[in-house]
Amino acid sequence: MKIILAGAGAFGAKHLDAIKAIGNVEVVSLVGRTLEPTRAMAQKYGIPHVTTELGEALGRAGVEAAILATPTQLHASQAIECLEAGKHVQVEIPLADNWADAQAVANLQRRTGLICMVGHTRRFNPSHQWIHKRIAQGELAIQQMDVQTYFFRRTNINALGQPRSWTDHLLWHHAAHTVDLFTYQTRAPVTIAHALQGPIHPTLGIAMDMSIQLKAANGAICTLSLSFNNDGPLGTFFRYICDNGTYIARYDELVDGKEHKIDVSHVDVSTNGIELQDREFFAAIRERREPNASVAQVLPCYRTLADLERELTTER
């Protein structure tokens, strides 16, 4: 399978490492914002073509699909460009930073019938898969999820500590992981959603702290705390309080409420969530089926984010 990848930053590299591990997929073009760092990454991964134009890459011979690991503000428009070019597309989380754009992508996907998958990696992390399978088997029911998403990011830098050309967002990016995961794990839609935010940063123009409360149709609740002001420990920590046990997930690690480690190494063919996400995308293309985390499946998450944004705007 020949694909292109747009995004020569930290997450682009994660996808390229995953593709290398998967095999039988060739990245024929790498798209970046500026040529020199894009060429350097392409050389490292043996990619024959680089460009700063997505359309040029999509026009390469034999290209079936694209992966977008570009700035949030480009996700929706670039996903639409890929679908209009007749290519399957996986767009990194978030799908969009507003409800109208999210709907536009979903509507175009329905019209074209092409695969459009969104990088909601928490659905694929073995730790969360272990919980999901036990829920599906009737062994667990979530009573409450308590989630902390914490960074120390008071300047505009990426995961590698390098300057960013765009501004990250607690609601439309980081909250999207948990809002979607909550509905995926409870297997019920969100019926109540509330949010509070702290002061707006004077130069970044975003809230640096946020608190979100959710309730699902089956009665389960979720409390999510997010911050760009937290000086360690960093990352996202998920506490599942269930009717039959308590579990804490930290990326691909899982422990019970007493910190006893649970072996998740046999949950899937890899312990790398990005690799498992990419495997699902390629398998869905080959098998001509809807992937897990399709745009249709994750769209309710973005409707909830839009509802929360309206509440926060009123609050201001």
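Which residue in β3 is the bridge partner of valine 31? The partner is threonine 51.

## The model

This is a predicted model, in which local features need pLDDT of at least 70, side-chain atom pairs count only at pLDDT 80 or more, and totals for chains, interfaces and linings use all residues. Residues are numbered from 1 along each chain as its sequence is written, and side-chain values use heavy atoms, with hydrogens and water left out.

Helices (H or I, at least four residues) and strands (E, at least two) are DSSP runs, numbered from the N terminus.

## The parallel sheet

Six strands form an open sheet: 6 strands in the order β3-β2-β1-β4-β5-β6, with parallel pairing. Two strands pair if DSSP finds at least two bridges between them. β3 and β6 (116–119) stand at the edges with a single partner strand each, so one side of each has no neighbour in the sheet.

Strand β4 (residues 63–68) pairs with strand β5 (residues 88–92) in the parallel sense, over 4 bridges. There, leucine 68 stands opposite valine 91 in β5. Helix α8 (residues 273–287) packs on this sheet and touches β1, β4, β5 and β6. Contact means heavy atoms within 4.5 Å. The direction of α8 makes about 160° with that of β5.

## Around strand β2

Strand β2 (residues 26–31) is mostly covered, with 5 of its 6 residues buried. Buried means under 20% relative accessible area, exposed over 50%, and partly exposed in between (1.4 Å probe, protein chains only). Strand β1 (residues 2–6) runs parallel to β2, and 5 bridges join them. Alanine 6 stands opposite valine 31 in β2. Between these strands the chain passes through helix α1 (residues 10–22), and this β-α-β crossover is right-handed. A crossover is right-handed if, with the strands pointing away from the viewer, the path from the first strand over the helix to the second runs clockwise.

β2 also pairs with strand β3 (residues 50–51), in the parallel sense over 2 bridges. With helix α2 (residues 35–45), β2 and β3 make a right-handed β-α-β unit.

## Helices α4 and α5

How do α4 and α5 cross, and at what angle? The axes of helix α4 (residues 75–84) and helix α5 (residues 99–112) come within 9 Å and cross at roughly 10°. That makes α4 roughly parallel to α5. Axes are lines fitted to C-alpha atoms, for helices over the stretch in contact, and angles run from 0 to 180 degrees between N-to-C directions. Angles under 35 degrees count as roughly parallel, over 145 as roughly antiparallel, 65 to 115 as roughly perpendicular and the rest as oblique.

Residues of α4 that meet α5 include Ala76 and Glu84. Glutamate 84 counts as exposed, at 61% relative accessibility. Glutamine 78 touches Leu54, Leu68 and Thr70, not counting residues up to four places away in sequence.

## The mixed sheet

A further open sheet has 8 strands, in the order β8-β9-β10-β7-β11-β12-β13-β14, and its pairing is mixed. Its edge strands are β8 (190–197) and β14 (261–262). Strand β12 (residues 245–250) and strand β13 (residues 253–256) pair in the antiparallel sense over 4 bridges. Arginine 250 stands opposite glutamate 253 in β13.
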